[in-house]
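Work through the exercises below with the structure open. Each task is followed by a stepwise solution.

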Amino acid sequence: MSVRTGAEIVGVDLKHPLAPRTAKEIWAALLQWKVIFFRDQHLDHAQHVAFARQLGEPTIGHVLYGHEENFPEVYSVAKRRERHTHMDARPIRPWTGWHTDLTTIVNPPAASILRGVTIPPYGGDTQFANLVAAYAALSPAMQKFVDGLRGIHGYGEVTGNALTQTNRKSFSSEHPLVRVHPETGERALYVSPEFLKSIVGLGARESQVLLEFLWEHCVRPEFVVRFRWNAGDVAIWDNRATAHLAPEDVFDTDFDRQLYRVTLVGDVPVGVDGTPSRPIVGEMLGPAQPAH
Ligand code: SIN
């Protein structure tokens, strides 16, 4: 755990229904620490979904990459997923691979609940950055500047000022660069590096230089916590206040890595001036239709 980010919660068995007060305390810890961890829970898919339902409404597993058979809410995060830094010729930067889940959609998930099933004996850690702490550490002048900006999130690449969507991944949204958290009122630097492509109203070079500064800033070690998984562990992150980085080191080993994720329906982000995000391409993300 780091000073501002990440808390391990002990003495709770997530396999069984929680007392309403316990569920509230878990949520309060999430709001405070941005990412929380539970060791040794060993949930199956049904228990994972049942736990998630006590915190919110599960979405479809992954709107683009699908879900587990008979469990529309459960998304498989497996080593066989493509490796980010080798899938194209992009330069690798300190922020490469960091992202906030599904910010291409106008209402990205409020939280993500990831459980570890097959974990390598070493390597395969996940890192989380606290975007509220990152915002707070900016100078007042920079805060004032970014407070008024909005960004275009998508899957394509930016050429000049235009975002070229690939056909397969047709989601894109405009979000504020600074998101006011709907529950805490805190301001988060909402700059999902993998998905935020350009800043509205800036020239291409202005946008690129400012984004690179903000991305580099938000993954500084003092805002980050690194989680070493064991089989059976559960991590929950507040997707409105964090970015995270899936590991790349496992691709250099023969070890398997299998985790499963359930995400909770989120609201439409709102900026400092009260203006909500807007969809450019694609629908809102609603609750999954349960299969059982
Ligand atoms: C994710 O990005 O949701 C998964 C993180 C991980 O594989 O550690």
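Strands (E, at least two residues) and helices (H or I, at least four) are DSSP runs, numbered from the N terminus. The model is predicted: local features need pLDDT of at least 70, side-chain atom pairs count only at pLDDT 80 or more, and totals for chains, interfaces and linings use all residues. Residues are numbered from 1 along each chain as its sequence is written, and side-chain values use heavy atoms, leaving out hydrogens and water.

**Exercise 1.** Locate Thr5 and decide whether Thr5 is buried or exposed.

Solution. 
- Thr5 lies in the segment before strand E1 (7-8).
- The relative accessible area of Thr5 is 0%, so Thr5 is buried (buried: under 20%; exposed: over 50%; partly exposed in between; 1.4 Å probe, protein chains only).
- Leaving out residues up to four places away in sequence, Thr5 touches Trp33, Val35, Phe128, Asn130, Phe223 and Val225 (contact: heavy atoms within 4.5 Å).

**Exercise 2.** In what order do the 6 strands of the open sheet run?

Solution. 
- The order is E1-E2-E14-E4-E16-E3, with mixed pairing (two strands pair if DSSP finds at least two bridges between them).
- E1 and strand E3 (75-78) are at the edges; each has a single partner strand, so one side of each lacks a neighbour in the sheet.
- Strand E2 (residues 35-38) and strand E14 (residues 234-238) run antiparallel and are joined by 4 bridges.
- Ile36 stands opposite Ile236 in E14.
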